Amino acid sequence: MRRLAARGAAGDAGEVAAPAADSSDSAQGRSPSPWRLIDLCAIWDAGVYLPSAACNRASSGVARKRLNEAEKLSSVREAQLKQLEVTRPRVLGSRERGQVPRMARQPPPPWVHAAFLLCLLSLGGAIEIPMDLTQPPTITKQSVKDHIVDPRDNILIECEAKGNPAPSFHWTRNSRFFNIAKDPRVSMRRRSGTLVIDFRSGGRPEEYEGEYQCFARNKFGTALSNRIRLQVSKSPLWPKENLDPVVVQEGAPLTLQCNPPPGLPSPVIFWMSSSMEPITQDKRVSQGHNGDLYFSNVMLQDMQTDYSCNARFHFTHTIQQKNPFTLKVLTNHPYNDSSLRNHPDMYSARGVAERTPSFMYPQGTTSSQMVLRGMDLLLECIASGVPTPDIAWYKKGGDLPSDKAKFENFNKALRITNVSEEDSGEYFCLASNKMGSIRHTISVRVKAAPYWLDEPKNLILAPGEDGRLVCRANGNPKPTVQWMVNGEPLQSAPPNPNREVAGDTIIFRDTQISSRAVYQCNTSNEHGYLLANAFVSVLDVPPRMLSPRNQLIRVILYNRTRLDCPFFGSPIPTLRWFKNGQGSNLDGGNYHVYENGSLEIKMIRKEDQGIYTCVATNILGKAENQVRLEVKDPTRIYRMPEDQVAKRGTTVQLECRVKHDPSLKLTVSWLKDDEPLYIGNRMKKEDDSLTIFGVAERDQGSYTCVASTELDQDLAKAYLTVLGRPDRPRDLELTDLAERSVRLTWIPGDANNSPITDYVVQFEEDQFQPGVWHDHSKYPGSVNSAVLRLSPYVNYQFRVIAINEVGSSHPSLPSERYRTSGAPPESNPGDVKGEGTRKNNMEITWTPMNATSAFGPNLRYIVKWRRRETREAWNNVTVWGSRYVVGQTPVYVPYEIRVQAENDFGKGPEPESVIGYSGEDLPSAPRRFRVRQPNLETINLEWDHPEHPNGIMIGYTLKYVAFNGTKVGKQIVENFSPNQTKFTVQRTDPVSRYRFTLSARTQVGSGEAVTEESPAPPNEAYTNNQADIATQGWFIGLMCAIALLVLILLIVCFIKRSRGGKYPVREKKDVPLGPEDPKEEDGSFDYSDEDNKPLQGSQTSLDGTIKQQESDDSLVDYGEGGEGQFNEDGSFIGQYTVKKDKEETEGNESSEATSPVNAIYSLA
C-alpha cells in the first residue's frame, strides 16, 4: 500500500470565493482559470507540493520550459505521485522490488527550487499599472522568432499589445516599412496587430517569406515585437532513382543511405519494407541519427526482406517512400539459417570470420561537436564487428550527468538534456567484442545564445523620484547590448538631461512626466538575440486596492498559505496587515509580509481563522481591504486499499474510506496506472470501495484512490497483481542438428505472476497429418532448452506451450522445419485383428503407423494369412490402407494372420502371428433340452450346447408361457450367458402347464429353437383341477343343456306310448284337404291306433333334441281355441278349431325352430 498526500490542490491560499487578485483578470472581470491557481509559485513543505494562487507572472519562464502549458495538471500530479510514495513490501508479481519510502520527505526537483525562488523574487516587485490609468504600450502576444507556416493555410503573424490609450500597430518587413494597404491579400485584425495573409484568391506563400517586426504605439511610447522570421514549410518529392541490388558478403558491415530531400522542418525518418512492415532493429541493425540504416554485420536472414527509407513531413502530414534496397548476401552456409540465429557460436557455425570492432560512424578515432546551452546534446557511435560489438560511454575526468543523461538506440547514442557549460569536455565511446575493443573520443564545446541575467522591467516612478533600468545578459561568446527608446537607437533620440546610460544600465534622476517612454534592450551574439521592452511611467496616484473587497478564503488546517492583497499607488505605498481589527502589525513568527503585500502564514491553525485587513499607505493617502479566512479540516483516507494478488476470473475489492470536513463536498475517484479509471460493466464503484468482477490480465496495475474536495485531496495507492496464464514462448531455435536428435531452445514468455511449472513440446509433420499437432515431450518450467529424440524421415516443425497454475499459454510460433533421413521400419502396425463381416469372409484390420514410425516414403503393409493348424502355404497381398477382406471362407474358421510394414528403404521386422476368425452364422439348436418338474412350485430346465455353434456363442434366449387349455398367459423372455446350461422356473400357477422355447445366439443372431412343455400334473392335482372346473360357469351351462335334452327324450318316449289313435293328424297344416278326403266335408275323422308308427313330421337330431319337420298342429294350438276339452280317458271333446287365419297372417315360410316345450305339447 502506498499513500500520497496532495494538500491544498486549490492553492495554498485556499479557495477564493471572489475572482483572484490577478490584475489582468480582475480588470477584465473574468474569473481565473481553475488551473491558474496551480502554478509553479508554490511552497514545498514536507515533500508536499502546495501551489499558490497568484504568482503566475513571476514563474512563467520556468513554467513554460518545464510545463509547456500552464493548464496541464499532469506535471503537478506527476510530482505528487512520484515524490510521495509510501513504503510497502512487494508481493508476487510486483514490478518493483524492495520497498518504497512511505511519506518520504524527499527533496523537490531542481526546477521546483528555481520556480520557488522566482516566486519569492516576484513578491518583491511584480506591480502593474491598472488599465484605467494611462500607460505606454506593452507587447502581450507575438509569434515565435522562427515562424514556419503550412503553405496550404492562410498565414497568421501574431502581435497583440495593451496600453492606455489603446495602441496602434504597424509592421516592417526585412527592416523596411510594410504597407499593408497596398496588398489586397494582407489585412490586420481589429484592435490587434496580428497580420492575416489570405491565399483563397490565389498567390504564392513563398513570396511573403522574410523577417517581420511589429510596432505598437500610443502617445506615451512604442513597443517592439521580436524579429519574426517567416518561412513556408517545404516537403519536396524524393528524386526517382533505380537502385541495383546490394551485394555483400555475410558478416561484412553495410550502410544503407537514406539521403532524404531537404524539408522545412526536417522530416522524421524511419525504415520499412516495401510491404510497409517495420524493419526490426537491434544492436546489430539500427538506424542512425542521420537516417541511414547501419548493419554491424550482415547475416543471411537480412536478405528475406527489402529496405525502404520513409520520410514523414510535419505540416503536410505526408509520408514519402524511397525506392527499396534489395540485398544479395553471399554466404558459405546457405541453408538452415534460422536454426543458427541464436546459436552461442552462431558466426563460426555459419563460417563467418570473427573480427575486431571498427567505427562506421563517426569515422576515425576523434571528432568534435558544438551544442548550444539549453539544447540537447546527442552523441552517437555505431561500430561494426563480428560478433556485434557492445557500446559503452564515458566522460573524461568525470562521470556522466546521471540526472540528464540517457542512452538510446541500443546504447549507440548518448543524449544529455538541457546542456549547460559544465557539460563541455571530452566524451568517448568504447566498442568491444571478444576479439578486441576500440574507442572514439568526441570533444564537446558548449556555446550559448544570449540568456538573461537581469531582464529590464517596467519602471513606475512618481514625479521627482529616481530609478534605473538594468539589461544584463550572458552568452558564449559574450553578447553585446544595444539600447533603444520607442524603437529608435538611443543615440538618435532627443537628449534627456534626467537620463544617463552606463553600459547595460540606464539611470533616471528627478524624473518628470516628460520622461515617459518605452525602452528596448537588444542583446545579441552570433547564436541569437534577446529583445526586451520596459517602459518608464511617471504617475502621481494615491493607493488603491486591485482585488475584490471582502474575499472569503478557505484553507486546510496545518497548510502553509498566503493571503494576497494586490494594490497600486505612486509613489509605491507601504502595506501592513492586521487581524480582527487589532492594532498590531502582522509580521514575524508565523507571519511574513512580502514587498508586494502578500501575507504568508507558515502553518495554518484553528486560531488563525478570522478577518484580515491590509492597509496600503503613501503620501497621497491610504486604502484598505479585508479577507475572511476559514480553516477547514484536511481530507484523510483512513482505510487505504491494500495490495492484492488475484487469480484471473475472481472478484477483488479495494477499500477507500475517507474522513473530510463536512462543510466541503467530497469526491472519490480512482486512477489506474495514474490515468483516470473507466468504470465498465465489470466494475462497481461505491463511496468507500471499488469492486472488480471477473479479474482479467488487463486489470493488473496500480490503483489510486483520490479523495478530493474543492480545497485539497488525499491519495492512496495499491497494486493489484493478476495471476494469469503465461505468455507464449518465443524465438524457437534448432541447434545441434543430428540424424536422430536436435536441440530446441526457446525464450520463455512472461509468467504473468504465476511461475511456469512445465513446458510441453509439440510437433507437426506435413506428410501424414499436416496441420495436426502432437505432444512430443514435457519438461520442467526451469529449463528453456531440450534435446528432442527424432524419428527417421519426418519433416518436423516444433512449438512450445508454457503451463502454470492458472492454465496453459497460447502455443509459440512454430520453429523452422527439419527433415530427418529415412530408414526401414523398426516396428509393425499394432492392433491386428481378423473378424468376419459376413459368414463367408474375414476382414483383416490394423492401426496404421504414424509419421514417426513410417521411417520412409511409400509406407505399405504386407498382409499374410492361412488356416490355423494346417500346413497350407501363406496367402499374401500388399496393402496401402489399413484393412483387407479375405473372401470365400468357411464359417467361423480360425486363421493365422501377419501384417508387416514396408517402405522404400526396406521391410520391418518379421511380425508375430495373430489368430483371427472368418464370419459367423446362426447356431444350431441347443441339444438335449430337458424339462423336469420335481414339485408343484418349480420346474427345472437343462440343455447342452449346440452341436454347431457357427461362431462365438454370446448366450441363450429362453421364452416360456403358461397355458391351461385354451387360456394362455404372458410370454416371459430370459437371456443367459453362453456358459449357462441350467435354469429353474418358479411356478406362480400350480394348475397350468408351461411351454418352453430355447435358442442359442451368436453375433449374427438367434439360431434354431427347440420347444418343450412341462409334464402333465399328477392324479390328486387332476382331481383338484376337475373340482375347480366344475365350478366354472361354462361347464355348468353345458351340463344343464345335456340334462334338458335327456329329459325331453324321456318325455317324448312317454307320450308316444300313452297317446290315443282316434285322432288323425294332417301331416302339414297348411295343405288343404283333397276331394278324396270326404270326411273333411262332413267334419268327421277316423281314429286309428298309431302307437307303433313313427311320429310324422319329426325326427330326432344328432344332439338328442326333436326338430320339427313340418308345422303340425299342437296341443297349444288347440288350446288357443279356448273351448277344447279332454275326457278322463284322454279323448277330445268339443269343436276342433284350426287356427288357419293366424298361420296365414304369420306366413307359412316361418322356419323358426320349435322350442322343446312346444314340441312336448305338439307330440302329446
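**Close-up 1. Burial of T613 in strand β49 of the predicted model.** T613 has a relative accessible area of 9%, and because this value falls under 20%, the residue is classed as buried. The strand that holds T613, β49, covers residues 610-618. When neighbours within four places in sequence are left aside, the contacts of T613 are with R576, W577 and F578, and also with E624, N625 and Q626.

**Close-up 2. The cis peptide bond between L264 and P265.** The bond that joins L264 to P265 is cis, with an omega of about -5 degrees. P265 itself is placed in the loop that runs between β17 (254-256) and β18 (268-272).

**Close-up 3. The cis peptide bond between V386 and P387.** Here V386 and P387 are joined by a cis peptide bond, for which omega is about -5 degrees. P387 belongs to the loop between β27, which comprises residues 382-386, and β28, which comprises residues 390-395.

**Close-up 4. A positive phi at D736.** Although D736 is not a glycine, its phi is positive, at about 50 degrees. The residue sits in the loop between β61 (730-735) and β62 (741-747). D736 is partly exposed, because its relative accessible area of 48% lies between the 20% and 50% limits.

**Close-up 5. A positive phi at Y892.** Y892, which is not a glycine, has a positive phi of about 50 degrees, and this residue is found in the loop that lies between β72 (883-887) and β73 (894-903).

How values were computed: Residues are numbered from 1 along each chain as its sequence is written. This is a predicted model: local features need pLDDT of at least 70, side-chain atom pairs count only at pLDDT 80 or more; totals for chains, interfaces and linings use all residues. Side-chain values use heavy atoms; hydrogens and water are left out. Helices (H or I, at least four residues) and strands (E, at least two) are DSSP runs, numbered from the N terminus. Buried means under 20% relative accessible area, exposed over 50%, partly exposed in between (1.4 Å probe, protein chains only). Contact means heavy atoms within 4.5 Å.
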